[in-house]
Amino acid sequence: MFRVTRRYEFAASHRLDAAALSEEENRRLYGKCNNPYGHGHNYAIEVSVRGPLDDSSGRAVDTARLDDLVAREVLRPFHQRNLNTEIAAFAARVPTSENLAAEIGRRLKAAWNSEFPGRWPELERIRIAETARNIFEIGADEIE
Amino acid sequence: MLITRKIEFSASHVCRNPRLSDEENRALYGMAANPHGHGHNYVVEVSVEGIPDAVTGMVLDLKELKAVLSREIVEPYDHRFLNHEVAPFDRVVPTTENIACDIWRRLDSHLSNGAARLHSVRVYETADLYVDYFGEQPCSA
């Protein structure tokens, strides 16, 4: 069994502001990330896929298909966007990197069979580096 | 406890399965099927698992690990055309997966003697693509 990991990047802006909290509480909780005008990151995401070796190709995943899937479901919709105002999932949910990782996972899981209809390969985990110092990881089995 | 050591080598390869047509190979491997070959700076992380020895405080002698990696991997792989110069890639397509497998096969007997055990081999073909292999299933190499 192999784990194949592919790394992608997109740039997007966001603002962390929880609707259930007061202005003062949001400022205290999120600090600079609560700036009302928003701010942006160069997000780096790693998509890890698990599967056995295909005897004919000598590969565990067709990376061109994975690239197509990620481009269609994640990179094209998210790149150079404001996550809060342009991505429906973040209309009512704070676009923290935790929530972003889960949303990316949901999108890939929902469209998975269109590119990979067989038993393998399966999605294993999503990893997001918001900056080089803040990294978030979610396993496919944790995604609803 | 896991100990990971990193090595690098530069090599060229072609991803082409002789049982498939030129067109099928191009569809499957894309530019990597170019018959003239192309190269990468491969980065390999080898992780060894074990419990630190009560006397030495070490899982294994890192000098020895360094020597094994250099002798078994870097020497045969570095600055080579894998398909032509490094077995089994005269008959096995040198995908990142198969390279991870071959590295496991070359290292396992040298690193899994005594208290330590080979845990995983990670091969970066580029900074944007890497493969982890844990020795779970015998590879086609």
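This is a predicted model: local features need pLDDT of at least 70, side-chain atom pairs count only at pLDDT 80 or more; totals for chains, interfaces and linings use all residues.
Biologist: Hi! Before we look at details, what ipTM and pTM does the predictor give the complex?

Modeller: Hello! The complex gets an ipTM of 0.81 and a pTM of 0.88 from the predictor.

Biologist: And what is the mean pLDDT of chain B?

Modeller: Chain B has a mean pLDDT of 93, and 99% of its residues reach 70 or more.

Biologist: Good to know. Let's do chain B, then. How many helices and strands does chain B have?

Modeller: There are 4 helices and 5 strands in chain B. Going along the sequence, their order is β-α-β-α-β-α-α-β-β.

Biologist: What box do the C-alpha atoms of chain B fill?

Modeller: Along the principal axes, that box is roughly 60 × 30 × 25 Å. Chain B has 141 residues, of which 34% count as buried.

Biologist: What about contacts in chain B between residues at least 6 apart in sequence: what share of them join residues at least 24 apart?

Modeller: For chain B that share is 69%.

Biologist: Now the strands. In which sense do β1 and β2 of chain B pair?

Modeller: Strand β1 (residues 2–13) and strand β2 (residues 38–49) of chain B pair in the antiparallel sense, over 12 bridges. If you want a spot to look at, B:S12 has B:G39 in β2(B) as its bridge partner.

Biologist: And β1(B) with β3(B), parallel or antiparallel?

Modeller: Those two run parallel, and 2 bridges join them. In β3(B), B:R80 is the bridge partner of B:A11.

Biologist: Let's stay with B:R80. Which residues does B:R80 touch, leaving out those up to four places away in sequence?

Modeller: B:R80 touches B:A11, B:E85 and B:V86. As for its place in the fold, B:R80 lies in strand β3 (residues 80–81) of chain B. The C-alpha atoms of B:R80 and B:G39 are separated by 9.4 Å, with the two residues 41 residues apart along the chain.

Biologist: Where is B:T126 found?

Modeller: B:T126 is in strand β4 (residues 117–126) of chain B. B:T126 has 13 C-beta neighbours inside 10 Å, so B:T126 counts as partly exposed too. B:T126 and B:V43 are 83 residues apart along the chain, and their C-alpha atoms are separated by 8.0 Å.

Biologist: Switching to helices: at what angle do α2 and α4 of chain B pack?

Modeller: Helix α2 (residues 62–77) and helix α4 (residues 96–111) of chain B pack at about 145°, and their axes are 10 Å apart. The crossing of α2(B) and α4(B) is right-handed.

Biologist: Which residues make that contact?

Modeller: From α2(B) they are B:V68, B:E72 and B:I73, and from α4(B) they are B:I103, B:R106, B:L107, B:H110 and B:L111. By class, the contact of α2(B) with α4(B) has 5 nonpolar, 1 polar and 2 charged residues.

Biologist: Over to chain A. What pattern does chain A follow along the sequence?

Modeller: Chain A reads β-α-β-α-β-α-α-β-β, with 4 helices and 5 strands. The C-alpha atoms of chain A fill a box of roughly 60 × 25 × 25 Å along the principal axes. Of the 144 residues in chain A, 29% count as buried.

Biologist: Last one: over how many bridges does β1(A) pair with β5 of chain B?

Modeller: β1(A) and strand β5 (residues 129–133) of chain B pair over 5 bridges, in the antiparallel sense. To find the place, look for A:V4, which stands opposite B:V131 in β5(B).

Technical notes
Residues are numbered from 1 along each chain as its sequence is written. Chains are lettered from A and ligands numbered from 1 in the order in which they are written. Two strands pair if DSSP finds at least two bridges between them. Axes are lines fitted to C-alpha atoms, for helices over the stretch in contact, and angles run from 0 to 180 degrees between N-to-C directions. A crossing is left-handed if the near helix is turned anticlockwise from the far one by less than a right angle, and right-handed if clockwise. Two residues are in contact if their C-beta atoms, placed from the backbone, lie within 7 Å. Ala, Val, Leu, Ile, Met, Phe, Trp, Tyr, Cys and Pro count as nonpolar, Asp, Glu, Lys and Arg as charged, and the others, Gly among them, as polar. pLDDT is the predictor's confidence in each residue, from 0 to 100. A residue is buried if 20 or more other C-beta atoms lie within 10 Å of its own, exposed if 12 or fewer, and partly exposed in between; C-beta atoms are placed from the backbone.
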